[in-house]
Amino acid sequence: MPSFTSPDQGEDLEACVLRFSELDLKDTRLINPSSSLKAELDVSTKKKYSFAKKKAFALFVKTKEVPAHPFECKEKWWKCCQQLFKDRIGIHRHVATQHADEICRQTASVLKQLAVTLNTSKSLKPADDRNPLKGYLTCNREVSAWLPDVSCFSPDELIRGQGSDEGEVLLYYCYCDLGDPPWVCAWQTALCQHLRLTGKVRIATEGINGTVGGSKLATRLYVEAMLSCPLFKDYMCKDDFKTSKGGACCFPELRVGVFEEIVPMGISPNKISYKKPGVHLSPGEFHKEVGKFLSQTNEEQSDTILLDCRNFYESKIGRFQGCLAPDIRKFSYFPSYIDKNLELFREKKVLMYCTGGIRCERGSAYLKAKGVCKEVFQLKGGIHKYLEEFPDGFYKGKLFVFDERYALSYNSDIVSECSYCGAPWDQYKLCSTPQCRQLILTCPACQRQGFTACCVTCQDKGSGLASSLTQSSFKEECECTARRPRIPSELPQQV
């Protein structure tokens with residue numbers, strides 16, 4: 001049975017760590033127990049591998065815990081793949097047979113974290129107070145020890161208002177070195193379930209990125225738990241949490257996972273680090289800079305570029321006046337966009353912004369690393385914080401959010417239009433063809449006429465062939481995606 005038992009103290013931990021520290025998490029063949037690599041390992045290293053696998057298995061099972069029925073003698077059950085397991089043997093058998101690849105990836109992750117911990121321990125003295133993990137590593141590592149006490153609240157209080165305007169959605173991120181992402185994943189899962197929160201949380205060695213919703217009581221307790229945790233308390237403050245009206249209803253489920261990046265730019269944090277970003281500007285400072293930029297008589301001849309780091313469907317319904325908004329579909333395309341349009345940024349001062357600030361952290365680091373800009377600045381707290389101070393400022397339109405609300409409104413400006421008739425409209429809906437996940441702007445009048453798909457291709461297939469298509473076979477086939485260049489060019493073509 002999986003356990004958290006530490007490896008024997010007399011074993012050579014370094015031998016194990018060094019052999020696994022460079023494993024590619026995406027290549028499960030390298031870490032499969034039956035692979036030739038494991039067969040070649042000495043007995044000592046095999047024991048470390050076994051320990052790492054047990055820990056990965058136990059942490060994965062821990063993330064699937066749910067409260068048992070109040071009338072049951074057991075305190076917890078497990079829920080996975082839409083199945084409910086009432087005994088430990090059942091969930092263990094399910095995980096072993098259905099999630100072997102994920103356990104393999106987590107095993108490699110555990111081994112990599114051992115490598116990080118080993119290197120950190122070598123570079124820091126035992127009494128070094130600068131080590132942010134010092135208090136964390138010496139205290140109770142059981143997940144339950146880091147959950148807030150809610151005994152003074154009734155269950156109704158925790159969920160009251162979570163599905164209405166009385167509820168709240170938190171948006172936050174924290175870049176900091178994390179030595180044990182799988183443990184943080186288990187803790188975050190337990191914490192959110194404990195407080196009846198739904199949403200998405202990404203964890204990596206470079207930090208954490210989350211959007212969670214629930215009652216205001218639950219979100220307050222969540223913030224308090226985050227700010228009291230030794231892993232984050234020296235890096236975060238209350239102002240780092242952006243709030244908006246919503247609740248648990250804004251997310252269909254809770255999804256917490258360990259990834260290589262906390263925001264998917266597609267480049268390893270080892271190559272482009274969050275530690276070398278652009279200069280942070282407060283909303284007030286950014287407002288002044290944008291004002292100066294817009295006051296210039298000829299923006300095309302300006303030495304400043306106001307750069308939107310978001311995707312095209314985000315900037316389409318809301319953006320800063322005079323901005324450069326790349327027509328990209330994913331943030332992972334952003335580095336290639338910079339590379340293709342590098343001359344555009346040469347000797348320019350760049351004012352960069354995104355929703356909450358997280359994409360700018362590494363986006364600005366990437367642009368700075370190219371060495372062509374005069375200066376690179378970024379909006380601290382993103383559009384979210386700017387609109388809290390300047391709802392009628394230079395940002396016009398709605399703020400796109402990645403949940404079932406789609407957008408937040410801070411002013412009455414409408415900067416987008418219906419895809420069919422061109423009338424002012426900025427309320428997104430999903431394409432009516434079930435297998436397509438594209439967002440569409442179609443006004444009520446056009447919807448009444450049956451124009452509810454993202455393009456003609458989807459409209460035709462939605463009316464005739466949708467039932468016979470699978471999501472995988474239909475994905476990316478729609479016309480509106482096919483005609484958009486993956487990496488657009490802003491530079492004039494050479495003749």
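This is a predicted model: local features need pLDDT of at least 70, side-chain atom pairs count only at pLDDT 80 or more; totals for chains, interfaces and linings use all residues.

Entry 1, the helix. I listed the buried residues of α14 and found G382, I383, H384, K385, Y386 and L387, where buried means under 20% relative accessible area, exposed over 50% and partly exposed in between, with a 1.4 Å probe and protein chains only. Helix α14 spans residues 382-389 and is mostly covered, with 6 of its 8 residues buried; helices here are DSSP runs of H or I of at least four residues, strands are runs of E of at least two, and both are numbered from the N terminus.

Residues are numbered from 1 along each chain as its sequence is written, and side-chain values use heavy atoms, with hydrogens and water left out.

I traced an open sheet of 4 strands in the order β9-β13-β12-β10, with parallel pairing, two strands being paired if DSSP finds at least two bridges between them. The edges are held by β9 (279-281) and β10 (304-308), each with a single partner strand, so one side of each has no neighbour in the sheet. Neighbouring strands are turned by 25° against each other on average, direction ignored, the axes being lines fitted to C-alpha atoms (for helices over the stretch in contact) and the angles running from 0 to 180 degrees between N-to-C directions.

I found 3 bridges between β9 and β13 (residues 375-379), and H280 stands opposite Q378 in β13. Strands β10 and β12 are joined by 5 bridges, with L306 opposite L351 in β12. Between β12 and β13 there are 4 bridges, and K349 has E375 in β13 as its bridge partner. From β12 the chain crosses through helix α13 (residues 358-369) to β13, and this β-α-β crossover is right-handed, that is, with the strands pointing away from the viewer, the path from the first strand over the helix to the second runs clockwise.

Entry 5, burial of β12. I checked residues 349-353 and found 5 of the 5 buried, so strand β12 is largely enclosed by the rest of the structure. K349, L351 and Y353 lie on one side, V350 and M352 on the other, and both faces are covered.

I located S268 in the loop between β8 (254-258) and β9. S268 counts as buried because its relative accessibility is 17%. Leaving out residues up to four places away in sequence, S268 touches E260 and R362, contact meaning heavy atoms within 4.5 Å.
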